[in-house]
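Try each task before reading its solution.

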Amino acid sequence: MRAAIIHYWLLNSRGGEKVVEALCRLLPDADIFTLFYDPDAVSPEIRSHRVNASFLQPLRKHYRSLLPLMPMALESFDLRDYHLVVSSESGPAKGVIIPSTTRHVCYCHTPMRYLWDLYPAYRNDWTRSRWKRALMTPFANYLRLWDYASAARVDDFVANSENVKRRILKTYRRESQVISPPVAVETFYWKPSEDYYLIVSELVAYKRLDSAIRVCAATGRRLRIVGDGPEYKALRRIANGNVEFCGKTGDADLRDLYSRCRAFLMPGEEDFGITAVEALASGKPVIALGRGGALETVPVNEPQGGIFFPDPTDASLLDAMEHWEQRENQLQPPELQAWAAQFSEAEFARKMRAILFPLSQRPLPSP
């Protein structure tokens with residue numbers, strides 16, 4: 001069986017790319033198709049496969065501005081010779097055109113945020129240029145029509161959380177199965193806490209890192225932020241000496257930062273929240289906005305889990321941090337690590353294998 005993996009772009013190594021790595025292990029002979037590809041930014045696991053980039057590849061430095069052209073680029077891939085196509089979707093990926101005899105499974109991290117759930121915020125709050133807002137309206141309308149239509153090309157949807165399952169149903173009117181994304185939980189470890197909070201995130205507006213930075217800058221709490229993105233300059237302007245931007249880090253350094261942090265902050269709503277699971281696997285509590293995927297990944301039984309704050313405001317986040325600090329000495333790291341084990345790579349592989357290879361899961365008939 002020839003298989004192809006479709007991923008929107010391979011320019012980073014974050015949660016979506018971890019799913020692609022796990023799919024590569026399930027489909028070791030699969031070819032990969034993507035809009036943009038930077039081999040230096042991805043893992044050896046992905047580089048070991050044949051990666052096919054779209055005709056937009058020469059413009060990859062400007063990939064965020066090329067969304068209107070992405071449907072054409074996806075539809076240009078020639079997938080006639082494949083029996084199974086697995087798309088990894090949160091940017092456009094599922095819109096490939098395949099033969100009627102090919103099965104298409106879409107692992108959906110979320111329907112595109114900037115077209116659906118977060119479109120009003122992207123257009124009215126996070127796009128400062130007036131002419132960009134004017135252009136966004138017709139382009140977004142066209143892309144929403146294409147995105148909805150392309151959902152009909154998928155045979156089976158898999159959602160990364162109950163949260164995203166509801167979005168898929170609301171957006172595409174399609175049912176889906178829930179399989180949590182894979183986390184290498186066994187590779188994380190606990191060390192005694194040092195005096196800093198930690199955030200691991202792409203620096204984009206919807207993650208609401210500005211709230212955590214303002215709170216820590218105003219109260220003298222130390223904060224370390226791992227990741228980069230388009231909001232770096234804006235976030236740097238509101239930070240002070242208590243806030244350290246670590247940029248991209250290697251896996252070993254990242255695990256060390258997790259292991260020694262005081263607690264992990266998740267100030268924005270997440271689709272699932274792989275970083276929260278990584279923090280829990282490190283025996284560290286999570287202070288999270290009580291919405292979205294965090295409600296599924298973070299245990300609520302204090303003090304073994306985390307603390308949710310109800311409102312996306314600085315005051316609400318600060319209250320949660322103060323609440324945690326009053327109970328900090330009750331932390332039980334082994335219980336957090338035991339909770340995180342349910343999100344292991346082995347569990348992901350077991351559940352995805354049943355979907356990708358359903359006939360192989362059936363018992364043999366009795367002789």
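Buried means under 20% relative accessible area, exposed means over 50%, and partly exposed lies in between. Keep in mind that this is a predicted model.

**Exercise 1.** Classify E244 and R224 as buried, exposed or partly exposed.

*Solution.* Start with E244. Its relative accessibility is 38%, so E244 counts as partly exposed. Now take R224. Its value is 14%, so R224 counts as buried. The two side chains meet in a salt bridge, 3.3 Å from N to O. E244 belongs to strand 10 (residues 243-247) and R224 to strand 9 (residues 223-226), 20 residues apart.

**Exercise 2.** Describe the salt bridge between R113 and D271.

*Solution.* First, the distance: 2.5 Å, N to O. Next, the location. R113 is in the loop between strand 5 (103-108) and helix 4 (119-124), while D271 is in the loop between strand 11 (263-266) and helix 10 (274-281). The partners are 158 residues apart. Then check burial. R113 is at 15% relative accessibility, so it counts as buried. D271 has 8%, so it is buried.

**Exercise 3.** Which ring lies under the charged end of R144?

*Solution.* The ring belongs to Y119, and the charged end sits 4.5 Å from its centre.

Definitions and conventions. Residues are numbered from 1 along each chain as its sequence is written. This is a predicted model: local features need pLDDT of at least 70, side-chain atom pairs count only at pLDDT 80 or more; totals for chains, interfaces and linings use all residues. Side-chain values use heavy atoms; hydrogens and water are left out. A charge sits over a ring if NZ of Lys or CZ of Arg is within 6 Å of the ring centre and within 35 degrees of the ring normal. A salt bridge is a side-chain nitrogen of Lys or Arg within 4 Å of a carboxyl oxygen of Asp or Glu. Helices (H or I, at least four residues) and strands (E, at least two) are DSSP runs, numbered from the N terminus. Buried means under 20% relative accessible area, exposed over 50%, partly exposed in between (1.4 Å probe, protein chains only).
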